[in-house]
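Look at the model shown here before reading on. The report then goes through it part by part.

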Amino acid sequence: MRHRLLVPGAVALSLVLAVPASAADFTPGAPGVGDTYYPESGNGGYDVSHYDLRLKYQPKTDLLQGTATLLATTTQDLSRFNLDFALKVSEIRVNGKKARFTTSGKHELEVTPATPLEKGKQISVVVRYADKPSQVKIDNYSAWARTPDGGVVAQEPDAAVWWFPSNDHPTDKATYDVSVAVPDGTQALSNGVLASQSSKLGWTRYNWRSDKPQATYLTTLAVGKFDITTDTTANGLPVINAVSKDLGANEGSARASIARTAEATEWLESVFGPYPFNAVGGYVPNVPAHYALETQTRPFYGKKAFDRGTNVSVVVHELAHQWYGDSVSLKDWKDIWINEGFAAYSQWLWSEKEGEGTAQQLADYVYAQHPADDPFWKVKPGNPGAENQFDDAVYDRGALALQALRNKVGDKVFFGILKSWPTEHRYGNASVADFVKFAGKKSGTSLDGFFDTWLFEPSRPAAGAARHTLGARHAAVTEPKSWRQIAAATHAVHGH
């Protein structure tokens, strides 16, 4: 009798030990990462390592069907978690089991797994969905652009929510496999290299692979009819360029511009160090947009970026982002100078190389164009505010700060910083404060006050402050030959 009583007791004890101590230990992941400008972007409680996107897109109807598989690791005990996504979902499975889901906010998909998820565990999340992305509006806007022969998604800071579920913030990077089926005669472009291609029953499937950490907004998809050219750089890096077949009068200038991609990449390697990814290139779809975007390995260029003719300067700008913005990404969207100040300055260095105006001459000209009462000086590149995130001052004053740094520390130290920063922070995230500290360490002197003047003071640096950093300090400064193309490439093109 005693023996019988012990057996149920042992079973009960084992059950107690198998159940978590308290349900309160499992809590929902945060619906955002707490970004200064976009607090709802991203999610808490997990970190994604890989996205596998298997898609089918019909250009005639704009119907996108998809199955997304996310591989992630939990960073807390999770009762539920959020994904950033705006399309219609039919099913979600977590670790192979059906999960409950609902929506909230502007683009929050709340997922409750069948059983709570313990911290530090690898998980899989499968999401099945179908929708017409151009018709899905957030604040009366869609990042998905329809074209005469397809569709394109390339926007900043938000793009992913219109075509795949994600942890949509630059601090959670992952690798990608993007497989897209489109009607025969139509191509699908994405990031990285084309791993394979096959056709069946009137559909062609393109399988793209991006094997280095990549932010969600830097992941792109373009479906349409393109002329695609392939090549390699001197180091054997694959170069994949694509131009829409219906660009009209802009076709020649677009082709001529992105044809310089390999050359520009090789030159940028001499400035910033080894190229960080598995491919390079660019694409120009028939999207009536002025802007360009540094989508990883394959920058997007809107058709109107070439309204004024060949625009190599914008190609240099977007390729420079592969080091500054893509490989080393911002921690918070207020750190946008980490991206744009350096990409803008690369255009100044290209001008210097091409003999069309030195970086110093460009700095003198920009400084002279903006008197002390110009609103230009009210924008703080180090933290411009969401409303000024893509203001001209972020680019031009941001580049001025780098020319000022170059003059302060000397060419040897300065170019050492430009090359060592993306090398030592490769595939990571960084802030403006991190760069200030890094530059101070490399130069052997504190630069806090210097950067405060150039990046954070809402006023024009006084003549005394500028004495060490700018050449000419008078109003009669000659316009460098390259300036108008740089201004067109930077000011008109980067109005996201």
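This is a predicted model: local features need pLDDT of at least 70, side-chain atom pairs count only at pLDDT 80 or more; totals for chains, interfaces and linings use all residues.

Residues are numbered from 1 along each chain as its sequence is written, and side-chain values use heavy atoms, with hydrogens and water left out.

**The chain as a whole**

The chain has twelve helices and 22 strands. Both are DSSP runs numbered from the N terminus: helices are H or I with at least four residues, and strands are E with at least two. The radius of gyration is 25 Å, close to the 23 Å that the globule rule gives for 496 residues, so the chain is as compact as a globular protein of that length. That radius is taken over C-alpha atoms, and the globule rule is 2.2 Å times the number of residues to the power 0.38. Along the principal axes, the C-alpha atoms fill a box of roughly 105 × 55 × 45 Å.

Of the 496 residues, 56% count as buried. Buried means under 20% relative accessible area, exposed means over 50%, and partly exposed lies in between (1.4 Å probe, protein chains only).

**Rings and charges**

A pair of aromatic rings is described by the distance of the centres and the angle of the planes. The whole structure holds 35 aromatic pairs. Rings of Phe, Tyr and Trp (its six-membered ring) pair if their centres lie within 6.5 Å; planes under 30 degrees apart count as stacked, over 60 as edge-to-face and the rest as tilted. For Phe 435 and Phe 451, the ring centres are 6.1 Å apart and the planes stand at 80°, so this pair is edge-to-face. Phe 435 belongs to helix α9 (residues 432-443) and Phe 451 to helix α10 (residues 448-456), so the pair ties together parts that are 16 residues apart in sequence. Phe 435 is buried, with a relative accessible area of 0%. Phe 451 is also buried, at 1% relative accessibility.

The charged end of Lys 56 sits over the ring of Trp 203, 4.3 Å from its centre. Lys 353 lies over the face of Trp 350, at 4.2 Å from the ring centre.

**Pocket and cavity**

Rolling a probe the size of a water molecule over the atoms shows where empty space is left. On a 1 Å grid over the protein atoms alone, a cavity is a set of points where a 1.4 Å probe fits but cannot get out; a pocket is an open set with protein on both sides within 12 Å along at least five of seven lines, and lining residues have an atom within 4 Å of a point. Grid points are joined across faces, edges and corners, and a volume is the space filled by probe spheres set on the points.

The largest pocket holds about 510 Å³ of space. Its lining has 23 residues, of which Tyr 38, Asp 139, Tyr 141, Pro 157 and Asp 158 lie nearest the centre. By class, this lining has nine nonpolar, six polar and eight charged residues. Here Ala, Val, Leu, Ile, Met, Phe, Trp, Tyr, Cys and Pro count as nonpolar, Asp, Glu, Lys and Arg as charged, and the others, Gly among them, as polar.

There is one cavity of 30 Å³ or more. The residues lining the largest cavity include Pro 157, Asp 158, His 169 and Trp 333. That lining divides into four nonpolar, three polar and two charged residues.

**Single residues**

Pro 157 lies in the loop between β10 (150-153) and β11 (174-183). The peptide bond from Glu 156 to Pro 157 is cis, with omega near 5°.

Ser 351 is in helix α5 (residues 337-354) and is buried, with a relative accessible area of 2%. Ser 351 and Lys 481 are 130 residues apart in sequence and 8.6 Å apart in space, C-alpha to C-alpha.

Definitions and conventions: A charge sits over a ring if NZ of Lys or CZ of Arg is within 6 Å of the ring centre and within 35 degrees of the ring normal.
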